[in-house]
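Let's take a walk through this protein together, starting with the whole chain and then moving in on a few spots. Keep the 3D view open as you read.

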Amino acid sequence: MKILLLEDDTLLKESITEFLEVKSFQVDSYENSNDAFDAIFSHEYDLLLLDVNTPGKWNGFSLRKELSLENKNIPTIFVTSMSSSDAVLQGYQHGCCDYIKKPFDLIELYLRVQQALKANCFKTDDHILNISKECQYNLSTYELISKNKTTLLSKTENKIFQLFLKNRNQIVTFEILYEQIWENNVEATNARVQVNNLRRKLPKDVIKNIYGLGYRLDC
């Protein structure tokens, strides 16, 4: 499997490259988006690892968008220190299949790389995410699509869902939920009602209640 890495932090770039090569991946690494762009059109890659803030004509988001316009639909993971829900949403809108926040453990990166390659990404077009085999999410309209039925999320439900997407396959604790959605200005009972309303709009067990800790979106 061949991976292109765009990362302008030299030490991090070298660490990621060496680690993935030990895991039997072939890695071409670049610090400038111009060089990465040229390489993508000169070689075949199975996966792109793109830092968002890099020197060159494009940042990670705009580079991925440009590739989509050129019909280069390569599974992409954004590697970035940006962690807001808006940044995550922007990443998915520009065509990524995963989003990993700095700092991160290299083992976590390896697991996400494996998952992205195994699933061949979970993005279907510019606006649709596959959440499960039965359910999709429209990034533009904030609608869930399940069994040909479309369900519009409320403003709060959408904020919760984006938080879960940002931390998919990881536990979102009650404390994180209360702080990031309601700035701790909510009663626990009301918060649980809002989450349960969202869960009822999704296929069973997509959002799991992790007893005593919080919730986890599995996708």
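This is a predicted model: local features need pLDDT of at least 70, side-chain atom pairs count only at pLDDT 80 or more; totals for chains, interfaces and linings use all residues.

## A guided look around

The protein chain has 219 residues, and 48% of them count as buried. Its accessible surface comes to about 11200 Å², and carbon and sulfur atoms account for 45% of that surface.

You'll find L20 in helix α1, which covers residues 10-22. Is L20 buried or exposed? With a relative accessible area of 0%, L20 falls under the 20% cut-off and therefore counts as buried. Who are its contact partners? Leaving aside residues up to four places away in sequence, L20 touches I3, F25, V27 and L49. Pick out I3 from that group: I3 and L20 are 17 residues apart in sequence, and their C-alpha atoms are 9.0 Å apart in space.

Helix α7 takes in residues 174-182 and helix α8 residues 188-200. The two pack with their axes 11 Å apart, at an angle of about 85°. Angles of 65 to 115 degrees count as roughly perpendicular, so that is how α7 and α8 sit relative to each other. Which residues meet there? From α7 come F174, L177, Y178 and W182, and from α8 come A188, A191, R192, Q194 and V195. Sorted by class, this contact of α7 with α8 has seven nonpolar residues, one polar and one charged.

Charged side chains get their own tour. How many salt bridges are there? The count comes to nine. One of them joins K102 to E7, with the closest N and O atoms 3.1 Å apart. This pair links distant parts of the chain, since its members are 95 residues apart: K102 is in the loop between β5 (98-101) and α5 (106-119), while E7 is in the loop between β1 (2-6) and α1. K102 is partly exposed, at 26% relative accessibility, whereas E7 is buried, with a relative accessible area of 1%. There is a further member to look for here: E7, D51 and K102 are linked in a network of salt bridges.

Another salt bridge brings together the side chains of K201 and E157, at 2.7 Å from N to O. K201 is partly exposed, with a relative accessible area of 28%, while E157 is buried, at 5%.

For a last stop, find D218 and K208, whose side chains meet in a salt bridge of 2.8 Å, N to O. D218 is in the segment after β12 (214-217), K208 is in strand β11, and the two are 10 residues apart. At 27% relative accessibility, K208 counts as partly exposed.

Methods. Residues are numbered from 1 along each chain as its sequence is written. Side-chain values use heavy atoms; hydrogens and water are left out. Helices (H or I, at least four residues) and strands (E, at least two) are DSSP runs, numbered from the N terminus. Buried means under 20% relative accessible area, exposed over 50%, partly exposed in between (1.4 Å probe, protein chains only). Contact means heavy atoms within 4.5 Å. Accessible areas come from the Shrake-Rupley method with a 1.4 Å probe; for residues, only the protein chains shown count as cover. Axes are lines fitted to C-alpha atoms, for helices over the stretch in contact, and angles run from 0 to 180 degrees between N-to-C directions. Angles under 35 degrees count as roughly parallel, over 145 as roughly antiparallel, 65 to 115 as roughly perpendicular and the rest as oblique. Ala, Val, Leu, Ile, Met, Phe, Trp, Tyr, Cys and Pro count as nonpolar, Asp, Glu, Lys and Arg as charged, and the others, Gly among them, as polar. A salt bridge is a side-chain nitrogen of Lys or Arg within 4 Å of a carboxyl oxygen of Asp or Glu.
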